Amino acid sequence: MFERFTDRARDVVRRALEEARVEGQRPVGTEHLLLALLADEAGLASRVLADAGVRADDLRERVRRHTASGGAGLGDADAAALREIGIDLAAIVARIEQSFGPDALREAVPAPRRRWGRRRYLGGPFSPRSKKVLELSLREALRLRHRHIGTEHILLGVLREGNGLGALVLTESGVDLDDLRRRVELALRAAA
Amino acid sequence: MSQATELAAAAGSTDPRVGLRAVRALRRLLERLEVVQVDNARRQGWSWQEIADTLEVSRQAVHKKHAGRPAVNSSWEA
């Protein structure tokens, strides 16, 4: 599927694989693609992102907030969400640990739910969502009548998919996804 | 605004993202609490039937969900 990718875009995919590997046993998610795009500082995608006020270290921190887990095995973002409805996660953790020992909640890992009728994800290098992003990057290139897939098409893919952690942290950092898409297309026209 | 009404306001936030995110976090918390409490009940010698009755689910459901887990760590003394 990567035949049409430019060398730059291939490097981004390679870096996303590396990002996921460093993080542990996780398939490449849209957030890894986004962080890899940002690391390619001279690429069109990362220039557009920088112009839109996106900072790599800020996004990395936001991703960490969503994936890292605190005392309850839940992320900081979970704790914040629970606070919104009046639940103090720290108090619950403290009470449980008091009765059942340190890290009792963290170690209480629920078994993954089996979903019958849905094909099981067999753990390729890409998450289903990031695979979708890569497919969409091809579709974006076709739509724009470009023969190659560059970093900017991968970014358009992330934006078009719209529901991954990549898109979420962008939104959280105050970026309007539609506006960002327009910026990419504008930059493409200027470059043409 | 008192703290209680502030919390009530947040709980009633009309932004679906806020509400749904909270539901998701709550579900994660629930899953973990269930593991902690079911393990504790088993350590104290409760049968699957007793646990199921208390949770108001079927014995099969509890068993399927929790019986496969490796033996619970019983070294901790409260």
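Does His66(A) count as buried or exposed, and at what relative accessibility?

1. His66(A) counts as buried because its relative accessibility is 15%, where buried means under 20% relative accessible area, exposed over 50% and partly exposed in between (1.4 Å probe, protein chains only). The model is a predicted one, in which local features need pLDDT of at least 70, side-chain atom pairs count only at pLDDT 80 or more, and totals for chains, interfaces and linings use all residues. Residues are numbered from 1 along each chain as its sequence is written, chains are lettered from A and ligands numbered from 1 in the order in which they are written, and side-chain values use heavy atoms, with hydrogens and water left out.

2. Beyond its neighbours within four places in sequence, His66(A) is in contact with residues including Leu165(A), Glu172(A) and Arg21(B), contact meaning heavy atoms within 4.5 Å.

3. Arg21(B) also forms a salt bridge with Asp78(A), with 2.9 Å between the closest N and O atoms; the term stands for a side-chain nitrogen of Lys or Arg within 4 Å of a carboxyl oxygen of Asp or Glu. Across the interface of chain B and chain A, the rule finds two salt bridges.

4. The contact between the chains draws 29 residues from chain A and 24 residues from chain B. About 2200 Å² is buried between chain B and chain A, and carbon and sulfur atoms give 68% of that area, which is the accessible area (1.4 Å probe) that two parts lose on being put together, summed over both.
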